[in-house]
Amino acid sequence: MSKQFSSDISTNTFIRFWLVMVGFLAIIVMVYMMRNALLLIGISIFIALALNPPVSAISRHLPGKSRVGATAIAYLIVVASLFIFSITVVPTVVDQLARFLKTVPSIVDNVTEQSVWINDAVDRYGLQKQYDQTIESIQRQTTQAASDLGVSFFNSVGSILTVFATTLLVLVLAFLMLIEGPEWMNRIWALYKDPEKRTHHRQLVHKMYRIVTGYVSGQVLISGISATCSLVVIIILSTIFDMPPSLAIPIAAILFVAGLVPLFGATVGATIAAILLGINNVSAAVFFIIYYIIYQQIENNFISPTVQSRAVEISALTVLVSLTIGLSLFGILGGIISIPIGGCIRVLVLDYIEKRQRKQAKA
């Protein structure tokens, strides 16, 4: 009898184990299949949380404290900012790239004329034919690249439309979350039967909300300081060197957007800025690189720690781990949202540890 009972238990345990494993694998497969949709939803939630403070502030000054009107105003500001960024940066980058490709043949001619030792080596080893063919090929390819730049742009219209549609979907989702979010949160809190547990969970959610909004506002402030300082420096450089001052605003916009990505975003933005400056004047690019290296030391050691220390409150190791995981899974967007997500996970882990310690103390 006992053997039969033990056999039944073993069979039931075996079946339950494999049911759990199958269910767990099914969840993993479903999450993987829906990864793009989940990413868009996650980005929408992040944007909604980031925009909630200004939306709440605007709604307090509107008649009837309309949250719909406040959200619409905030979105008009966001869309206008994206539009201004696009019409400011994209034409300038395309124009500078086309200018660079058109000037490459003349640069090659100047180098070949001034590089006496190259000509001597070519004459000495009888490589004049191969050398002329190589130079001609470089000139032909760069000239063709310049002429095909517009064609390549129109060929990529499909990709641009896809990005536009995805961005529009994310903005619409975030818009609806901003409008309906408070109502849904009230419904969720109303489901709690235990007032103490409800209060505790609301405190946890509030802590995570403060981390996300604090991180966003802090990163925007840091990027704004970097872009403003760079704008002033480029304007000064345009008065010293032969370069158009119209580059200042597009480069400042690039640095602002790139600076929103933590750790390496500012470096990428500075590299793009140096390339754009170098196309017009190499000396100006060198001076800008020197300035930005000095500024980065000031930002990394004084500005960023001061601004973000109270917002996220996680260690440098946690920041690096979160950033690495976010970039590997979701690219640049993952890098942007990874640090506040790491801060939220830290809040949950600390809360779990505190609960375990309280239970052990009572025991």
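Gly278 counts as partly exposed because its relative accessibility is 25%; buried means under 20% relative accessible area, exposed over 50%, and partly exposed in between, with a 1.4 Å probe and protein chains only. This residue is found in helix α10, where helices (H or I, at least four residues) and strands (E, at least two) are DSSP runs numbered from the N terminus. From C-alpha to C-alpha, Gly278 and Phe288 lie 9.7 Å apart in space, and they are 10 residues apart in sequence. The model is predicted: local features need pLDDT of at least 70, side-chain atom pairs count only at pLDDT 80 or more, and totals for chains, interfaces and linings use all residues. Residues are numbered from 1 along each chain as its sequence is written, and side-chain values use heavy atoms, with hydrogens and water left out.

The protein contains 12 helices and zero strands. Of its 363 residues, 30% count as buried. The protein exposes about 23500 Å², of which carbon and sulfur atoms supply 70%; accessible areas come from the Shrake-Rupley method with a 1.4 Å probe. Among contacts (heavy atoms within 4.5 Å) between residues at least 6 apart in sequence, 71% join residues at least 24 apart.

Two packed helices are described by the angle between their axes and the distance between the axes. Axes are lines fitted to C-alpha atoms, for helices over the stretch in contact, and angles run from 0 to 180 degrees between N-to-C directions. The axes of α9 (residues 248-259) and α10 (residues 265-280) are 7 Å apart, and the two helices pack at an angle of about 160 degrees. That makes α9 roughly antiparallel to α10; angles under 35 degrees count as roughly parallel, over 145 as roughly antiparallel, 65 to 115 as roughly perpendicular and the rest as oblique. The contact involves, among others, Ile251, Leu255 and Gly259 of α9 and Gly269, Ala273 and Leu277 of α10. Its residues divide into 10 nonpolar, three polar and no charged. Here Ala, Val, Leu, Ile, Met, Phe, Trp, Tyr, Cys and Pro count as nonpolar, Asp, Glu, Lys and Arg as charged, and the others, Gly among them, as polar.

Helix α9 also packs against helix α8 (residues 195-240), with axes that come within 8 Å and cross at roughly 155 degrees. That makes α8 roughly antiparallel to α9. Residues making this contact include Val220, Ala227 and Ile234 of α8 and Ile249, Ala252 and Phe256 of α9. The contact of α8 with α9 comprises 11 nonpolar, five polar and no charged residues.
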